[in-house]
Amino acid sequence: MEVYTLGCDQKKRWSVSHRPKIDSSQTLILLFGSSNLLDADSSITELLHDYPNSLAIGCSTAGEILGTQIFDESVSAAIVRFEQTDLRMASAPVQSADGSFSAGQDIARQLNDARLKGIFVLSDGLQVNGSELVRGLNTQVSSSVVVTGGLAGDGDRFRRTWVLHGRRPQAGFVTAVGFYGDHIRIGHGSKGGWDRFGPERRVTKSKGNVLFELDGRPALQLYKEYLGDRAAGLPATGLLFPLALRADQGDVKSLVRTILAVNEQEQSLIFAGDIPVGALAQLMKANFDRLVQGASEAATSTKLEGGGNTSTLAVAISCVGRRLVLGERTEEETEATLDVLPPGTKQVGFYSYGEISPYAAGTCDLHNQTMTLTTFSEAA
């Protein structure tokens with residue numbers, strides 16, 4: 001397995017003068033870039049022109065990761081040629097949250113067969129209910145298939161996102177790549193690092209990913225009370241105070257949800273994933289050191305699941321909320337992952353509106369406010 005990483009800056013200058021000549025049906029190109037590439041995708045077109053036979057997957061971001069560095073308005077990319085792993089692409093439209101479940105099912109059906117070992121999926125970040133997308137995927141594939149990925153981002157603007165579809169940036173799609181054969185090794189890890197505060201409240205009114213009431217009180221009103229002066233910056237400032245959800249008091253599994261939008265008229269909050277009626281919800285706030293520790297723990301988890309030789313690609317997908325909180329310390333979490341991963345690991349990735357990964361093992365979940373890592377390598 002050959003792995004190369006490269007970047008393109010705001011002035012359309014690539015970090016390498018010569019790209020590797022490894023175009024093939026077993027070559028995968030992953031690329032992550034600005035939402036502005038919807039208007040002018042010349043840097044993507046230039047890269048993909050050199051790889052007409054390769055598969056390509058990518059999306060817009062709230063920041064591009066290349067190695068330990070984080071950029072904006074750029075492109076970060078990985079070019080990987082597998083030796084003994086077959087690849088297959090799939091795509092499905094997702095024009096609204098209501099179509100998320102069927103899009104997940106469609107993607108999984110296109111990719112599923114007896115040799116499938118893993119799926120890496122990227123989705124439009126604004127027109128999707130990530131929980132329903134994941135649920136659709138899980139209905140069609142075995143729990144032994146590792147499903148990871150994320151939701152495209154648009155900085156803290158929440159206006160438009162894209163994924164590669166037909167080798168061009170387009171809104172309103174989900175795309176995925178399947179990995180086949182006995183030699184592929186896929187590791188995964190997803191950790192948070194936020195502290196809970198305030199009382200745990202019951203979700204008393206919700207519909208899908210829209211939260212109307214907590215303990216009978218309007219959800220937006222309650223959030224504004226906690227945010228104080230920061231309420232004027234919603235929905236972006238809501239990223240600083242995500243919501244921890246669990247089914248009941250005896251449930252040790254907790255998922256985190258982050259705000260995508262607000263509805264002043266309905267006094268509701270729209271989240272990246274489902275908020276079930278009856279669930280217990282608790283506000284969370286940042287703990288800088290624990291956020292960085294969470295990134296390190298995510299990397300440790302991938303080593304437990306992965307393996308293979310020293311040629312390893314790590315795809316880091318971290319939540320935009322973590323970047324807003326960490327600020328100038330953000331690169332500490334990308335450094336923490338590479339400190340744990342095998343020497344020589346190449347890392348690319350992006351800041352997202354949602355992360356997709358198993359909670360620990362088994363079927364995948366939608367996460368928010370985590371650092372989620374997927375590693376790819378091949379056994380001899």
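Two strands pair if DSSP finds at least two bridges between them. The legends below describe a predicted model.

**View 1. Strands E4 and E24 pair side by side.** Strand E4 covers residues 64-66, and strand E24 covers residues 346-352. Three bridges join E4 and E24 in the antiparallel sense. Look for Glu64: its bridge partner in E24 is Phe350.

**View 2. E4 and E24 belong to an open sheet of six strands.** The strand order is E5-E4-E24-E23-E27-E13. The pairing is mixed. Which strands stand at the edges? They are E5 (69-71) and E13 (184-191). Each has a single partner strand, so one side of each is left without a neighbour in the sheet. From one strand to the next, the twist averages 15 degrees.

View 3. H1 is made of residues 42-49, and Ser43, Ile44, Leu47 and Leu48 are its buried residues.

**View 4. Another open sheet of six strands has the order E7-E12-E8-E9-E25-E26.** Here too the pairing is mixed. E7 (86-93) and E26 are the edge strands, and each pairs on one side only. Neighbouring strands are turned by 15 degrees against each other on average, direction ignored. How many bridges join E7 to E12? There are eight, and the two strands run antiparallel. One to find is Ala90, whose bridge partner in E12 is Ala176.

**View 5. Helices H2 and H3 lie across strands of this sheet.** H2 lies across E7, E8 (116-123) and E12, at about 155 degrees to E7. H3 (residues 130-138) lies across E8, E9 (146-151), E12, E25 and E26. The angle between H3 and E26 is about 170 degrees.

**View 6. The largest nonpolar core has 44 residues.** Ile107, Ile119, Val121, Val147 and Ile356 touch the most other members. Helix H2 (residues 100-111) gives the most to this core, with four residues. A second, separate core holds 31 residues, including Ala219, Leu234, Phe241 and Ile259. Back in the largest core, zoom in on Val121. Leaving out residues up to four places away in sequence, Val121 touches Leu137, Val147 and Ile356, among others.

**View 7. E25 and E26 form a hairpin with five residues between the strands.** Four bridges join these antiparallel strands. Pro358 stands opposite Cys364 in E26. Gly362 takes a positive phi near 85 degrees. In a regular strand the side chains alternate between the two faces of the sheet. Both faces of E26 (residues 364-367) are covered. Cys364 and Leu366 are buried on one side, Asp365 and His367 on the other.

**View 8. Ser357 lies in strand E25 (residues 354-358).** Is Ser357 buried or exposed? At 0% relative accessibility, Ser357 counts as buried. Neighbours within four places in sequence aside, its contacts include Val147, His188, Cys364, Asp365 and His367.

**View 9. The structure holds zero disulfides.** A disulfide is a covalent bond between the sulfur atoms of two cysteines. For Cys8, the nearest cysteine sulfur is that of Cys59, 17 Å away. For Cys59, the closest is in Cys319, at 13 Å, too far for a bond. Cys8 is buried at 3% relative accessibility. Cys59 is buried at 0%.

**View 10. Glu200 sits in the loop between strands E14 (195-196) and E15 (201-207).** Glu200 counts as partly exposed, at 27% relative accessibility. Not counting residues up to four places away in sequence, Glu200 touches Arg246, Leu280, Ala281 and Gln282.

Methods
Residues numbered from 1 in each chain as written. Predicted model: local features only at pLDDT ≥ 70, side-chain atom pairs only at ≥ 80, totals over all residues. Heavy atoms only, no water. Axes fitted to C-alpha atoms, helices over the stretch in contact; angles between N-to-C directions. Core = buried A, V, L, I, M, F, W, Y, C linked by side-chain atoms within 4.5 Å. Buried < 20%, exposed > 50% of the residue type's maximum accessible area, 1.4 Å probe, protein only. Contact = heavy atoms within 4.5 Å. Disulfide = S-S within 2.5 Å.
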